[in-house]
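Please open the structure in your viewer and keep the selection tool at hand.

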Amino acid sequence: MAVENIDPPGLTKPYGWRQLAVGTGSRVIFLSGQTPRTADGEPVGMGDLAAQTEQVYLNIATGLAAAGATFDDVVKLTIYAVDWSLDKWDAITAGAERAAAKIGADIVRPTTLVGVTTLAEPDFLIEIEATAIAE
């Protein structure tokens, strides 16, 4: 595997992310922020953060596959969430878990969550970008 995920002693025990990923592959993959749209461009889950999160993770998996990678190769995720508050974490987690079940992968990675006022389109509640290292 090109990526080793580590939660070292001495750092806060994470809940829903990893503290550290070490990549040793030869190809670096930068996936643009994915939004809650299908391949046909149809919006998914308007007003439903869990449904949007699920679609975003499915889109990430599709993008990774196009580069010959999987979530096993992801070293970092950055989540942009509109009007962020901690009470939204459960919806993000629910959507992520549904996507993980469909993908059949552990999608928990080092993650930064950034609260934003708005995204590219007014109905988007979440956008996630990924960086991966693959062989």
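The stops below concern a helix, a buried arginine, salt bridges and aromatic pairs.

This is a predicted model, in which local features need pLDDT of at least 70, side-chain atom pairs count only at pLDDT 80 or more, and totals for chains, interfaces and linings use all residues. Residues are numbered from 1 along each chain as its sequence is written, and side-chain values use heavy atoms, with hydrogens and water left out.

**Stop 1: helix H2**

Select residues 89-103, which form helix H2. Helices (H or I, at least four residues) and strands (E, at least two) are DSSP runs, numbered from the N terminus. H2 has 15 residues, and from its first C-alpha to its last it reaches 21 Å. This is close to the 21 Å expected at 1.5 Å a residue, the expected span being 1.5 Å times one less than the number of residues.

Next, colour the buried residues of H2: Trp-89, Ile-92, Gly-95, Ala-96, Ala-99 and Ala-100. Seen down the axis of H2, these buried residues fall within an arc of 140°, so they line one face of the helix. The arc is that of the directions from the helix axis to the C-beta atoms. Here "buried" means under 20% relative accessible area, "exposed" over 50%, and "partly exposed" in between (1.4 Å probe, protein chains only). An α-helix has 3.6 residues a turn, so residues three or four places apart point the same way.

Against which elements do the buried residues of H2 pack? Show helix H1 (49-66), strand E5 (111-116) and strand E6 (126-134), for these are their packing partners. Then turn to the face of H2 that points away from its buried side, where the exposed residues Asp-90, Glu-97, Ala-101 and Lys-102 are found. After H2 comes Gly-104, with a positive phi near 75°.

**Stop 2**

Select Glu-54, Arg-98 and Lys-102 together. Side chains of opposite charge can pair when their charged atoms come close. A salt bridge is a side-chain nitrogen of Lys or Arg within 4 Å of a carboxyl oxygen of Asp or Glu, and the structure holds six of them.

Arg-98 and Glu-54 form one of these, at 2.8 Å from N to O. This pair links distant parts of the chain, since Arg-98 lies in helix H2 and Glu-54 in helix H1, 44 residues apart. Glu-54 also forms a salt bridge with Lys-102, with the closest N and O atoms 2.5 Å apart. Lys-102 belongs to helix H2 and Glu-54 to helix H1, so this pair ties together parts that are 48 residues apart in sequence.

Is Glu-54 buried or exposed? Glu-54 counts as buried, at 10% relative accessibility. Arg-98 is partly exposed at 37%, and Lys-102 is exposed at 58%.

**Stop 3: Arg-109**

Move on to Arg-109, located in the loop between H2 and E5. Arg-109 is buried, with a relative accessible area of 3%. Which backbone oxygens does its side chain reach? Show Phe-71, whose backbone oxygen is reached at 2.7 Å, and Asp-106, whose backbone oxygen is reached at 3.3 Å.

Leaving aside neighbours within four places in sequence, Arg-109 is in contact (heavy atoms within 4.5 Å) with Asn-5, Trp-17, Arg-18, Phe-71, Asp-72, Val-74 and Leu-77.

With Asp-72, Arg-109 forms a salt bridge, at 3.9 Å from N to O. Asp-72 lies in the loop between H1 and strand E4 (74-82), and the two partners are 37 residues apart. Asp-72 is partly exposed, with a relative accessible area of 34%. Now select Asp-7, Arg-18 and Asp-106, which salt bridges with shared partners join into one network.

**Stop 4: the aromatic pairs**

Rings of Phe, Tyr and Trp (its six-membered ring) pair if their centres lie within 6.5 Å; planes under 30 degrees apart count as stacked, over 60 as edge-to-face and the rest as tilted. By this rule there are two aromatic pairs.

Select Tyr-57 and Phe-71: their ring centres are 6.1 Å apart and their planes stand at 35°, so the pair is tilted. Tyr-57 is in helix H1 and Phe-71 in the loop between H1 and E4, 14 residues apart. Tyr-57 is buried at 5% relative accessible area, and Phe-71 is buried at 2%.

Finally, select Trp-84 and Trp-89, whose ring centres are 6.3 Å apart with planes at 85°, so the pair is edge-to-face. Trp-84 counts as partly exposed at 29% relative accessibility, whereas Trp-89 is buried at 15%.

Notes: A polar contact is a pair of N or O atoms within 3.5 Å; within protein, one must be able to donate a hydrogen and the other to accept it, and residues adjacent in sequence count only if both atoms are side-chain atoms.
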